[in-house]
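Hi everyone, thanks for coming. Let's take a look at the structure together, and I'll talk you through a few spots.

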Amino acid sequence: MKFTAEHDALRRTTRQFVENELNPFIPEWEEAGRFPIHDVFKKMGNLGLLGICKPEENGGLGLDYSYNLVVAEELGRAACGGVPLAIGVQTDMATPALARFGSKELRDEFLNPAIRGEYVASIAVSEVHAGSDVAAIKTTAKKDGDDYVINGSKMWITNSLQADFFCLLANTSDDKPHVNKSMIIVPAKTAGISFSEPLNKLGMRSTTTAQVYFDNVRVPQRNLVGVEGMGFMMQMMQFQEERMWACINAVGGMEKVIQQTIDYTRERTTFGQPLIHNQYVHFRFAELMTEVAALKALTLQACEQHIAGEDVTLMASMAKLKAGRLSREVADSCLQYWGGNGFMWDNPASQLFRDGRLGSIGGGADEIMLGIICKLTDILPKKQKK
Ligand SMILES: Cc1cc2nc3c(=O)[nH]c(=O)nc-3n(C[C@H](O)[C@H](O)[C@H](O)COP(=O)(O)OP(=O)(O)OC[C@H]3O[C@@H](n4cnc5c(N)ncnc54)[C@H](O)[C@@H]3O)c2cc1C
């Protein structure tokens with residue numbers, strides 16, 4: 001992929017934003033278990049960072065996906081994973097389908113303020129009994145007059161306690177599981193919505209994550225995104241952007257932690273020499289940097305396919321699998337070289353160790369990626385393909 005002066009300018013803007021507006025406050029936000037999401041998003045909206053690929057008519061910049069990846073990679077340099085995750089939910093998980101399939105009225109009402117940073121978006125797909133198996137969700141949206149009436153609950157919903165709207169996946173008929181689902185935009189303040197306490201997470205602590213309950217929640221049928229029954233398909237498409245975003249964001253985070261660990265091992269002396277002078281140590285850095293570069297190349301290849309309008313499911317799944325596993329490897333290796341300091345809560349490697357662990361679970365676990373890769377290649381004999 002060829003990056004231009006415009007990509008470089010966007011990279012600089014995002015890097016400055018991360019260094020000046022995020023990193024100085026992250027320890028406090030991590031401690032508090034939330035961050036001032038509306039303030040942060042408004043600042044990002046003013047810089048145009050929340051609508052890189054979104055249509056200009058909705059206030060976006062209308063750029064191609066390569067620009068989005070530049071922003072996501074730089075956000076990976078934040079001092080925690082939680083704040084970038086909250087931003088990624090807004091830009092690449094809860095709004096791509098709305099931007100692509102939503103009616104003009106729906107986009108004007110929800111997408112435009114999300115791009116300006118005035119509304120916070122959440123994606124509400126997973127349920128207590130259905131995370132990997134999206135088709136098995138039980139939440140229903142039944143027509144009544146001009147409304148949908150929604151009943152059910154959603155689990156592990158990022159941004160939920162601070163959200164202005166949910167992009168909700170619900171069953172709108174009793175048809176087969178892949179054609180009975182619809183995507184509906186649900187304002188968070190609608191009567192009948194309630195929340196659990198914030199979930200006590202291993203990592204991503206500066207984001208709010210909760211269970212969301214829907215008890216006879218009424219929204220107008222015009223809040224349907226696209227066509228009824230196409231929700232599963234739209235969510236599968238939306239997942240591809242989520243996965244590319246997660247991969248390049250992980251690249252930014254891993255590059256930063258590897259560099260911080262290199263710097264530390266240059267300073268730290270054991271047995272009369274800097275730690276990094278041990279071949280075992282500097283070879284390991286060389287290996288990890290190679291792996292991260294390979295992941296970046298794979299992700300950029302997926303991005304090129306996406307820009308060309310091709311199906312990126314295979315490439316994005318391969319990259320997502322690699323990103324989840326590599327993040328665990330990088331965090332563990334780097335943490336080791338910090339010794340006792342690596343075991344401390346606020347160490348950058350231990351932060352990646354905690355936050356990065358989600359990469360192999362959220363947005364499709366590693367095993368789900370392996371299943372997709374098997375389906376889309378000739379790994380299994382034809383008759384065993386499901
Ligand atoms: C911090 C956090 C934030 C999240 N944010 C959101 C959000 O904003 N919106 C949202 O909708 N969801 C969100 N999720 C949910 C997340 O996407 C799910 O946790 C994930 O998809 C896995 O689903 P599950 O937890 O139900 O695991 P399960 O589906 O129960 O799977 C458990 C494990 O079993 C294995 N497994 C599953 N299926 C197979 C298989 N076929 N073959 C082999 N092994 C398998 C995998 O290792 C998997 O991790 C979030 C989760 C967390 C932890």
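When I say two residues touch, or are in contact, I mean heavy atoms within 4.5 Å. Now, this is a predicted model, where local features need pLDDT of at least 70 and side-chain atom pairs count only at pLDDT 80 or more, while totals for chains, interfaces and linings use all residues. Residues are numbered from 1 along each chain as its sequence is written, and side-chain values use heavy atoms, with hydrogens and water left out.

Let's begin with Asn-68. Leaving aside residues up to four places away in sequence, Asn-68 touches Ile-52, Cys-53 and Asp-92. Asn-68 sits in helix 4, residues 65-75; helices here are DSSP runs of H or I, at least four residues, numbered from the N terminus. Is Asn-68 buried or exposed? Its relative accessibility is 6%, so Asn-68 counts as buried (under 20% relative accessible area, with a 1.4 Å probe and protein chains only).

Next, a pair of helices. The axes of helix 3 (residues 37-47) and helix 5 (residues 82-93) come within 12 Å and cross at roughly 60°. Those axes are lines fitted to C-alpha atoms over the stretch in contact, with angles from 0 to 180 degrees between N-to-C directions. Helix 3 and helix 5 are therefore oblique to each other, oblique being whatever is left after under 35 degrees (roughly parallel), over 145 (roughly antiparallel) and 65 to 115 (roughly perpendicular). Which residues make the contact? Ile-37, Phe-41 and Met-44 from helix 3, and Ala-86, Ile-87 and Gln-90 from helix 5.

Methods
Helices (H or I, at least four residues) and strands (E, at least two) are DSSP runs, numbered from the N terminus. Buried means under 20% relative accessible area, exposed over 50%, partly exposed in between (1.4 Å probe, protein chains only).
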